[in-house]
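Dear colleague,

I am passing on the structure below, followed by some notes on what turned up in it. Please read them with the coordinates open beside you.

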Amino acid sequence: MKPLNPGKLAFLSVLMINQTSSIVAWGKEGHEIVGNIAYHMLTNKTRAIVTDILFPSGYTSDDDNARNGDDRSSDDDEDTFYTSPLAAVANWADKVRYTSYFHWTAPLHFVDVQDEEIPGGCHVVNTKDGDIIFERALHHDTCSFIYERDCQNDNCAVGAIVNFSELASQFTPNGSAFNDDTAFTSGLARNAIVQIRPGLLRGSRQLISEPEHFPSSLEHSLISTHNVTQRQSLMFLIHIIGDIHQPLHVSRQSDKGGNTINVNFPSEFESYTDERNGHKHKDWDLHSVWDTGIIELAMKRHFASSQKSLEECIEAEYVTDDYIKKWSKCPNGQLIDCVSLWAREGFHYALNYAYENEDGVEVKDGDTLTEDYFVSRLEIVKRRLAAGGVRLAATLEDMFGDNEQF
């Protein structure tokens with residue numbers, strides 16, 4: 001594990017804002033697949049460390065229930081495909097994001113590219129000749145993720161990944177933290193609560209209490225302070241790295257990541273359930289198609305409704321030396337330049353695959369998505385799930401391991 005310089009640490013600066021869009025990335029299956037792919041790639045050393053953090057000796061889910069939400073609630077589906085500690089907690093962040101305690105994390109699951117501030121907006125270029133390459137190149141500087149514009153005060157998925165990875169990595173396997181000389185500093189246990197105050201940019205942190213001495217008065221002061229443990233930071237990191245690889249989680253602010261684009265999807269799914277709140281919906285929107293629709297339809301048609309079979313297919317096709325090399329060019333989630341690159345890549349996929357129909361025309365409200373759209377976009381979904389798993393593994397290796405294979 002690399003020595004860390006506290007002077008360069010990134011800690012969350014969160015604005016309390018009203019978030020009205022119903023954005024939930026990938027759904028249960030997708031996040032578990034990302035977690036499993038990452039776990040399969042970890043060294044034994046890193047596996048042991050992250051498992052000990054996520055499920056320490058004597059841990060029970062009741063440790064989190066009262067205040068922070070449970071990572072494996074009792075009403076989980078019996079056939080949930082847990083095969084790794086990462087997959088077991090991969091959906092925790094979605095379960096707690098609309099609780100009062102963690103409501104402040106809602107904007108950290110996505111990136112809104114502020115397309116309404118860009119002259120002409122960001123649209124699919126409707127052309128079938130070579131001009132498409134030139135036109136998209138012209139729009140690259142503006143129709144792209146720009147941190148200063150689209151992630152002010154770290155208040156987006158990119159800032160969250162950098163900050164949560166730095167926060168989680170400040171604890172050594174035995175529970176202590178690094179100081180400037182990389183010597184161990186006692187007293188900062190991995191279940192200690194770190195206080196994060198809105199308005200403080202990177203480099204500010206205050207340890208306030210061990211969980212058993214948590215001041216009840218702070219539990220309700222959500223506007224002025226937020227509190228997270230190392231375990232919670234790691235669970236947020238696992239989830240949000242998955243989020244940022246769903247193309248419509250780095251997408252246009254004007255349509256709330258496709259949430260306002262209602263579409264017709266194959267008749268096998270006449271309704272869907274919002275993963276966030278359990279509400280039944282009669283109609284699909286473009287965002288929900290990419291969250292769950294494509295994955296669920298693929299599982300039903302091609303994998304006998306088996307999530308395990310879909311995951312094995314993804315690993316065989318995309319977790320290969322060539323793809324790992326491609327996604328490992330800037331794999332470290334602790335570096336803002338790398339995570340910003342992931343966001344720009346994600347917005348490229350959003351404009352060129354999610355928002356664009358298979359004939360090159362932009363998907364409009366009320367459109368019917370065709371069979372060709374499903375077949376071609378399924379490969380993009382599989383590729384993005386694989387990329388998320390590879391980069392999550394690389395980030396965890398950089399945080400806790402020797403990072404030899406990335």
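The side chains of Arg252 and Asp255 form a salt bridge, with an N to O distance of 2.8 Å in this predicted model, and both of these residues are buried.

Glu317 counts as partly exposed because its relative accessibility is 37%, whereas Lys382, with a relative accessible area of 4%, is buried. A further salt bridge joins the side chains of Asp94 and Arg97 at 3.5 Å, N to O, and here Asp94 and Arg97 are both buried.

Turning to the nonpolar side chains, the largest core has 100 residues, and those with the most contacts inside it are Leu86, Val158, Leu234, Ile244, Leu286, Trp290 and Leu396. Helix 14 (residues 371-400) supplies the largest share of this core, namely 15 residues. Leaving aside residues up to four places away in sequence, Leu286 touches Leu248, Gly258, Ile261, Val263, Ala354, Tyr355, Val363, Leu369 and Tyr373.

Best regards

Key
Residues numbered from 1 in each chain as written. Predicted model: local features only at pLDDT ≥ 70, side-chain atom pairs only at ≥ 80, totals over all residues. Heavy atoms only, no water. Core = buried A, V, L, I, M, F, W, Y, C linked by side-chain atoms within 4.5 Å. Buried < 20%, exposed > 50% of the residue type's maximum accessible area, 1.4 Å probe, protein only. Helix = DSSP H or I, 4+ residues; strand = E, 2+ residues; numbered from the N terminus. Contact = heavy atoms within 4.5 Å. Salt bridge = Lys/Arg side-chain N within 4 Å of Asp/Glu carboxyl O.
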